[in-house]
Amino acid sequence: MTEVLRDILTDVGWGREFAYMLSIIVYAAFPGYDLGEEVMDIQVGEIVRLKKQHPCGSKEWEVLRIGADFRLKCMGCGHQIMIARKALEKSVREIRQKP
């Protein structure tokens, strides 16, 4: 992670030493943060099946909004929720297109 951040900051014209020190500070402040982590490719309109079911009994949700957080609509009762990207990606079991 520190090498990636150092290379990025060096490429934009900052000194390599400064970029290295900044990458060490960022890594110390956010030890679990990784610039290279992949995000799931979830699009608006798709149906996601989650680990746990909604109180209505449905495990399927329609994606209404994407970004740092998602707006989902329960396919069973129509209830809408907002959920953080990390939490959603952790609980997704299946992604499929809406019929």
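Visitor: Which residues is Ile66 in contact with, leaving aside its neighbours within four places in sequence?
Guide: Ile66 is in contact with Ile42, Gln43 and Val44. Contact here means heavy atoms within 4.5 Å. A word on the background: this is a predicted model, where local features need pLDDT of at least 70 and side-chain atom pairs count only at pLDDT 80 or more, while totals for chains, interfaces and linings use all residues. Residues are numbered from 1 along each chain as its sequence is written, and side-chain values use heavy atoms, with hydrogens and water left out.

Visitor: Where is Ile66 found, and why does Ile66 count as partly exposed?
Guide: Ile66 is in the loop between β2 (60-65) and β3 (69-74). Helices (H or I, at least four residues) and strands (E, at least two) are DSSP runs, numbered from the N terminus. As for exposure, buried means under 20% relative accessible area, exposed over 50%, and partly exposed in between, with a 1.4 Å probe and protein chains only. Ile66 has 34% relative accessibility, so Ile66 counts as partly exposed.

Visitor: How many helices and strands are there in the chain?
Guide: The chain has 3 helices and 5 strands, and from the N terminus on the elements run α-α-β-β-β-β-α-β. Of its 99 residues, 27% count as buried.

Visitor: Which other residue meets Glu60 in a salt bridge?
Guide: Arg96 does, at 2.7 Å, N to O. Arg96 lies in strand β5 (residues 92-96) and Glu60 in strand β2, so this pair ties together parts that are 36 residues apart in sequence. Arg49, Glu60, Glu94 and Arg96 are linked in a network of salt bridges. A search of the whole structure finds 7 salt bridges.

Visitor: Why is Glu60 called buried, and what of Arg96?
Guide: Glu60 counts as buried because its relative accessibility is 18%. Arg96, with a relative accessible area of 28%, is partly exposed.

Visitor: How do you know that Glu89 and Arg85 are about one helical turn apart?
Guide: They are 4 residues apart in helix α3, and that is why they are separated by about one helical turn. Glu89 also forms a salt bridge with Arg85, the closest N and O atoms being 3.3 Å apart.

Visitor: Which residues form the positive surface patch?
Guide: Lys51, Lys52, Lys59, Lys90 and Arg93 form that patch. Patches are made of residues with over 30% relative accessible area and no salt bridge, with like charges joined within 9 Å and nonpolar side chains (Val, Leu, Ile, Met, Phe, Trp, Tyr) within 5 Å. Lys and Arg count as positive and Asp and Glu as negative, while His and the chain ends are not counted.

How values were computed:
Areas by Shrake-Rupley, 256 points an atom, 1.4 Å probe, with all protein chains shown as cover. Salt bridge = Lys/Arg side-chain N within 4 Å of Asp/Glu carboxyl O. Charge placed at Lys NZ, Arg CZ, Asp CG, Glu CD.
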